[in-house]
Amino acid sequence: MATAPVCVTKLSPFHISNRISPTPASPPCRSIRKLGNKAARKWKLRAEARGFGPDSNRRPSKLLQDPKNDGIGGSDDEDEIPKAVMERMSVRIVASVVTPMGLGLGFLSVFGALRDQNVWDVPLWVPVATSFFTFGASALGIPYGALSTSWDPDTKGSFLGLEQLERNWVELWKQ
């Protein structure tokens, strides 16, 4: 079996060379074993996730082709959110996410300034606990903003939306 060195000039971004070279500009050399008249198979990266493989040109199923059927069992008209409700919901989500996140970043900068100025040697657990609670509250701001908004386009709701939160939570679990 003869081995012939072959220099590879085109490397994939996932190539990892096991050879340490003093000149990084020189391309790594590989050898191809010849088995009779056929060369050994090369390994090749293949993206075969849904929609990217050779079967991506297949026709979608009948369920997806029917415009009246959304796959869940309802029409598209009853699932559409009115524009006024969507705008109120977006404002409420942004406010309920940005406020606790801003407080958390503000506390971290205050703790850092207190430590730098040698005013108070802040224990490490204080900024960690503060970050945990404020960033956690920020993550909970997304569902709170969506559920505390009035889902009726004509009704604006209150400032905090606690009565809407209770009503929408019950409505959500009914569906």
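# Helices, loops and a few residues

User: Which residues does Thr 134 touch, leaving aside its neighbours within four places in sequence?
Analyst: Contact here means heavy atoms within 4.5 Å. This is a predicted model, in which local features need pLDDT of at least 70 and side-chain atom pairs count only at pLDDT 80 or more, while totals for chains, interfaces and linings use all residues. Residues are numbered from 1 along each chain as its sequence is written, and side-chain values use heavy atoms, without hydrogens and water. With sequence neighbours within four places set aside, Thr 134 is in contact with Pro 100, Met 101 and Gly 104.

User: Why does Thr 134 count as buried?
Analyst: Thr 134 sits in helix H4. The cut-offs are under 20% relative accessible area for buried, over 50% for exposed and partly exposed in between, using a 1.4 Å probe and protein chains only. Thr 134 is buried because its relative accessible area is 12%.

User: How do H3 and H4 run, roughly parallel or roughly antiparallel?
Analyst: Their axes, lines fitted to C-alpha atoms over the stretch in contact, come within 7 Å and cross at roughly 175°, on a scale from 0 to 180 degrees between N-to-C directions. Angles under 35 degrees count as roughly parallel, over 145 as roughly antiparallel, 65 to 115 as roughly perpendicular, and the rest as oblique. So H3 and H4 are roughly antiparallel.

User: And how many residues of the contact of H3 with H4 are nonpolar?
Analyst: Ala, Val, Leu, Ile, Met, Phe, Trp, Tyr, Cys and Pro count as nonpolar, Asp, Glu, Lys and Arg as charged, and the others, Gly among them, as polar. The contact has 1 charged and 8 polar residues, and the nonpolar ones number 16.

User: How far apart are the C-alpha atoms of Ser 109 and Pro 127?
Analyst: Ser 109 lies in H3 and is partly exposed, at 46% relative accessible area. Along the chain, Pro 127 is 18 residues away, but the two C-alpha atoms are separated by 9.6 Å.

User: Where is Asn 118, and is this residue buried or exposed?
Analyst: Asn 118 is in the loop between H3 (83-116) and H4 (125-147). Its phi is near 60°, a positive value in a residue other than glycine. With a relative accessible area of 68%, Asn 118 is exposed.

User: What residues does UniProt mark as "transmembrane region"?
Analyst: One marked span is 100% helix with ends 29 Å apart, going by C-alpha atoms, and the other is 96% helix with ends 35 Å apart. The entry is unreviewed, and it gives the feature at residues 93-112 and 124-147.

User: Which residue's backbone oxygen does the Ser 148 side chain reach?
Analyst: Ser 148 is in the loop between H4 and H5 (162-174), and at 1% relative accessibility it counts as buried. Beyond four places in sequence, Ser 148 touches Arg 92, Leu 160, Gly 161, Gln 164 and Leu 165. At 2.7 Å, its side chain reaches the backbone oxygen of Tyr 144.

User: Stepping back, in what order do the elements of the protein chain run?
Analyst: Helices (H or I, at least four residues) and strands (E, at least two) are DSSP runs, numbered from the N terminus. The chain has 5 helices and 3 strands. From the N terminus on, the order is β-β-β-α-α-α-α-α.

Methods
UniProt positions are given in the numbering used here, feature names are shortened, and annotations may be inferred rather than shown by experiment. A polar contact is a pair of N or O atoms within 3.5 Å; within protein, one must be able to donate a hydrogen and the other to accept it, and residues adjacent in sequence count only if both atoms are side-chain atoms.
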